[in-house]
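Work through the exercises below with the sequence and the model at hand. Each task is followed by a solution in steps.

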Amino acid sequence: AAAAAIAAEEGAAGPLAAGSAAPRSSLLSPQHHMQLNKLRQHFHKDVRKQLYSAADDRQFFDRIKTGLKTIEARLEEGRVALQHLELFLVNVACDDPGATIGSQLVLPLLQERLDAAALAYKAERAKAAEQEVIAMEAAAAEAAAAEEARRKQQVQKKKGRSRSDKERAAAGRAAQQAAEAEARATGEAQRLLQEAQQRQQRQQALLELRQQEEALMAQRRQQL
């Protein structure tokens, strides 16, 4: 009867209900309105309670209760397992604390310090090498300047042979000044060379000291 009423309602609406934007209630007659209300009352009174009952509520309640019990049981098992794990960790830590601390804390810390010291030493050696190269370049420039002064002095000597006594005296003074400048340049070059040698000796001594420290740290690691 409900299906027949709905079909009659759709037939009465006709193609206008399918293609029009107006609401269906505005296209129904009063008789159809009464039939539609009767169908609604019948659905709420007889059909709806058959779709959902108190037994369904009870079943849902039982499922939720069972699920909560399962979750509580799993939580209790987890608490017990956690207690056992804590006791096991305490026993393992009490067997040999030094081994755990040494392998997990001391050795990584020592390795980190050694790496930092090695990087600092490499940076220091690079800086010292750069300074040594700069000193050698300065010494080479001074030697070239001294050679140029000596060449000019020789040229002046050749030209001074044909000059007068006064010019010869002036040339002699200039040669003496040039010789003194050359001597100063030579002494400065020797001093820079000695400093470079001393710096190299110090670097060699630092390298030997570093190797001794690394050997000592290796012995300590083996002892640990």
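Predicted model: local features only at pLDDT ≥ 70, side-chain atom pairs only at ≥ 80, totals over all residues.

**Exercise 1.** Find how many salt bridges a search of the whole structure gives.

Solution. The criterion is a side-chain nitrogen of Lys or Arg within 4 Å of a carboxyl oxygen of Asp or Glu. Applied to the whole structure, the search finds nine salt bridges.

**Exercise 2.** Decide whether Arg 58 and Asp 62 form a salt bridge, and classify the exposure of Arg 58 and of Asp 62.

Solution. 
1. The closest N and O atoms of Arg 58 and Asp 62 are 3.7 Å apart, and the pair forms a salt bridge.
2. Both residues lie in helix α3, which covers residues 54-95; they are four residues apart, so about one helical turn separates them.
3. Exposed means over 50% relative accessible area, and buried means under 20%. Arg 58 has 52% relative accessibility and therefore counts as exposed.
4. Asp 62 has a relative accessible area of 33%, so Asp 62 is partly exposed.

**Exercise 3.** Which partner of the Glu 214 and Arg 210 salt bridge is buried and which is partly exposed?

Solution. 
1. The closest N and O atoms of this salt bridge are 3.6 Å apart.
2. Glu 214 and Arg 210 are four residues apart in helix α5, which puts about one helical turn between them.
3. Glu 214 has a relative accessible area of 41% and is partly exposed.
4. Arg 210, at 12% relative accessibility, counts as buried.
5. As a further case, Glu 147, Arg 150 and Glu 182 are joined into one network by salt bridges that share partners.

**Exercise 4.** Which residues form a nonpolar patch on the surface, and where is Ile 71 placed?

Solution. 
1. The patch consists of Ile 64, Leu 68, Ile 71 and Leu 75, which together have about 390 Å² of accessible area.
2. Ile 71 is located in helix α3.
3. With a relative accessible area of 48%, Ile 71 is partly exposed. Patch residues need over 30% relative accessible area and no salt bridge.

Key: Residues numbered from 1 in each chain as written. Heavy atoms only, no water. Helix = DSSP H or I, 4+ residues; strand = E, 2+ residues; numbered from the N terminus. Buried < 20%, exposed > 50% of the residue type's maximum accessible area, 1.4 Å probe, protein only. Patch = residues over 30% accessible without salt bridge, like charges linked within 9 Å, V, L, I, M, F, W, Y side chains within 5 Å. Areas by Shrake-Rupley, 256 points an atom, 1.4 Å probe, with all protein chains shown as cover.
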